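Thanks for making time. I have one structure to show, and I will keep to what can be read from the coordinates.

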Amino acid sequence: LVDSEELEVMVRGLYDRDAAAEYLSTSPRHVDDLRRGGKLIAVFEGGKNKFRREDLDRYIDSLERKSA
């Protein structure tokens with residue numbers, strides 16, 4: 001779960017690797033793979049790669065939808 005400092009960052013719209021993974025319902029390693037593959041764009045802030053919420057949402061919107 002997220003602590004208060006991480007919640008403040010998320011409210012601003014920046015997610016670290018672990019928070020981005022939680023937002024995307026995936027693993028931190030997969031977030032790294034998406035970043036390296038150019039599917040997620042990271043910004044460098046506070047000595048770490050972080051992800052903007054709009055970029056995470058853009059990735060979600062790019063996923064193929066399957067009917068049940």
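The chain has a mean pLDDT of 88, and 81% of its residues reach 70 or more. Among the elements, helix α3, residues 28–36, has the highest mean pLDDT, at 98. The lowest belongs to helix α1, residues 4–12, with a mean of 61. Where pLDDT is low, the predicted coordinates should not be read in detail.

Now the sheet. How many strands does the open sheet have, and in what order? There are 3, ordered β1-β3-β2, and the pairing is antiparallel. The edges are taken by β1, residues 14–15, and β2, residues 43–45. Each of these has a single partner strand, so one side of each is left without a neighbour in the sheet.

Take the β1 side first. Between β1 and β3, which covers residues 48–52, there are 2 bridges, in the antiparallel sense. L14 has R52 in β3 as its bridge partner. Helix α4 packs on this sheet and touches both β1 and β3. The direction of α4 makes an angle of about 65° with that of β3.

E45 stands opposite K48 in β3. These two strands form a hairpin with 2 residues between them. In that turn, G46 has a positive phi of about 65°.

Last, the aspartate. D55 is in helix α4, which spans residues 53–62. Is D55 buried or exposed? Its relative accessible area is 6%, and the cut-off for buried is under 20%, so D55 counts as buried. What does the D55 side chain make a polar contact with? The partner is the side chain of R58, at 2.5 Å. Leaving out residues up to four places away in sequence, D55 touches L40 and I41.

That is what I have, and I can go back to any part of it.

Terms used: Residues numbered from 1 in each chain as written. Predicted model: local features only at pLDDT ≥ 70, side-chain atom pairs only at ≥ 80, totals over all residues. Heavy atoms only, no water. Helix = DSSP H or I, 4+ residues; strand = E, 2+ residues; numbered from the N terminus. Buried < 20%, exposed > 50% of the residue type's maximum accessible area, 1.4 Å probe, protein only. Polar contact = N/O pair within 3.5 Å; in protein donor to acceptor, adjacent residues only side chain to side chain. Contact = heavy atoms within 4.5 Å. pLDDT = per-residue confidence, 0-100. Pairing = 2+ DSSP bridges. Axes fitted to C-alpha atoms, helices over the stretch in contact; angles between N-to-C directions.
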